[in-house]
Amino acid sequence: MVLPIMIRLTQEGLRAVPPEYSLSGSALGISRSQILLHLLLPAAAPSVIVGLVLGVGRALAETAALVFTSGYVDRLPQSLWDSGRALSVHIYDLSMNVPGGETSAYKSAFTLLILVFFINSITTQLTKLWLQKRIILQ
Amino acid sequence: MNKELPEFYPSLPLKIRPDCCEPSPHFQIENLSLKYGSKFAFRNIKLTLNRGCITALVGPSGCGKTSFLMCLNRLIELIPGASVTGEIFFDTQDLMKAKTPVIELRRKVGMIFQKPNPFPQTIRKNIEFPLKEHGILDPIKRREILERALTDVGLWQEVKDRLEAPALTLSGGQQQRLCIARAIALEPEVLLMDEPCSSLDPISSGVVEDLIASLRQRFTVLIVTHNLAQARRIADYVAFFWLEDGAGSLIESGPTKQIFNEPRHKLTAAYIGGLRG
């Protein structure tokens with residue numbers, strides 16, 4: 001669940017490295033893998049670390065907080081203010097507390113995966129669109 | 001400002017190369033065209049670079065001088081959308097062949113960029129990292145090469161006590177000389193220079209210019225410059241680019257004296273004389 005944050009921040013960090021590094025590295029006949037290892041990754045290290053901290057922090061804090069904020073109720077919420085439950089909590093509940101709930105747990109997990117994939121692809125497309133508008137592509 | 005430059009180091013392993021007065025081709029470019037997407041950057045360039053000479057590339061911005069430079073060490077293939085046609089011969093080697101070992105080529109054909117671009121590492125690492133990559137694993141040998149390269153660019157006396165300092169703490173002119181040292185540490189045969197002085201102040205620019213002039217005969221140099229006076233001072237040959245139908249094209253090339261004193265093309269005459277551009 002925390003991978004998207006980490007991947008995105010690593011990507012951004014690598015992209016923020018001035019293109020001159022890899023160009024001048026290549027001009028000196030240094031191979032691409034060595035450029036990545038010795039020039040790009042060290043330069044992008046701060047973003048990678050921030051991604052790690054944010055990701056791990058989220059993973060640690062999230063489950064407990066969700067139970068208290070969005071609730072732990074096993075029915076369809078009637079309004080925005082009504083209590084509900086997050087999918088991850090639901091999966092946990094199904095697999096641990098409900099006898100024979102494994103199949104439903106897997107189904108919920110699958111739904112969650114599809115949702116994550118869907119949200120990620122939409123945001124990727126959107127950022128691409130926005131970036132294209134903001135930066136003149138070379 | 002000359003005193004910080006090396007005068008002559010007899011210890012240098014100077015390869016015996018023909019003098020500039022006896023031209024011998026090192027690079028031969030035939031009908032070279034470059035397209036970015038569907039737009040031509042330059043068209044049908046035909047140019048010969050002579051061994052051990054300094055050739056200056058002059059002309060307005062946007063006529064493909066930098067792109068032309070990047071074709072000669074095949075750096076252009078890292079630019080998305082660029083496609084090159086034509087022939088480039090480096091000695092007898094056909095560079096346009098897909099099999100050309102680019103890593104080896106880029107060691108032999110060094111490049112200096114407009115903006116000094118040392119790596120964000122220490123001064124020592126800046127020079128030693130590429131050496132390591134090219135298989136020089138003996139630290140004593142690397143240290144020798146480091147000292148020789150820094151001496152060649154007149155930087156040794158200035159930085160010998162702070163080799164472990166970050167390269168980005170150097171001044172602009174020093175950074176550019178470090179970049180030149182980094183390139184010549186690999187003992188290339190050719191140096192491509194993309195306006196190496198244009199982002200420097202007049203004093204540093206003068207130091208770098210004298211340095212480039214001192215590289216004559218040791219390397220074949222192709223230098224892009226917007227500074228006509230500079231081209232006149234240091235170049236043996238001048239090639240003049242201009243925009244024709246929205247794409248760069250080579251109008252005229254020849255010995256510096258001839259280009260400046262008896263240009264054959266009226267565009268050259270106008271540009272040299274300061275009427276255009």
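User: Why is A:Ile122 called partly exposed?

Analyst: The relative accessible area of A:Ile122 is 40%. Buried means under 20%, exposed over 50%, and partly exposed in between (1.4 Å probe, protein chains only). So A:Ile122 counts as partly exposed. This is a predicted model: local features need pLDDT of at least 70, side-chain atom pairs count only at pLDDT 80 or more, and totals for chains, interfaces and linings use all residues. Residues are numbered from 1 along each chain as its sequence is written, chains are lettered from A and ligands numbered from 1 in written order, and side-chain values use heavy atoms, without hydrogens and water.

User: What makes B:Arg74 and B:Glu77 a salt bridge?

Analyst: Their closest N and O atoms are 2.8 Å apart. A salt bridge needs a side-chain nitrogen of Lys or Arg within 4 Å of a carboxyl oxygen of Asp or Glu. The pair therefore qualifies.

User: Is B:Arg74 buried or exposed?

Analyst: B:Arg74 has a relative accessible area of 12%, so it is buried. B:Glu77, at 42%, is partly exposed.

User: What makes B:Arg106 and B:Glu77 a salt bridge?

Analyst: The N to O distance is 3.9 Å, and the limit is 4 Å. B:Arg106 lies in helix H2 and B:Glu77 in the loop between helix H1 and strand S4 of chain B, so the pair ties together parts 29 residues apart in sequence.

User: Why is B:Arg106 counted as buried?

Analyst: Its relative accessibility is 7%, and buried means under 20%.

Terms used. Helix = DSSP H or I, 4+ residues; strand = E, 2+ residues; numbered from the N terminus.
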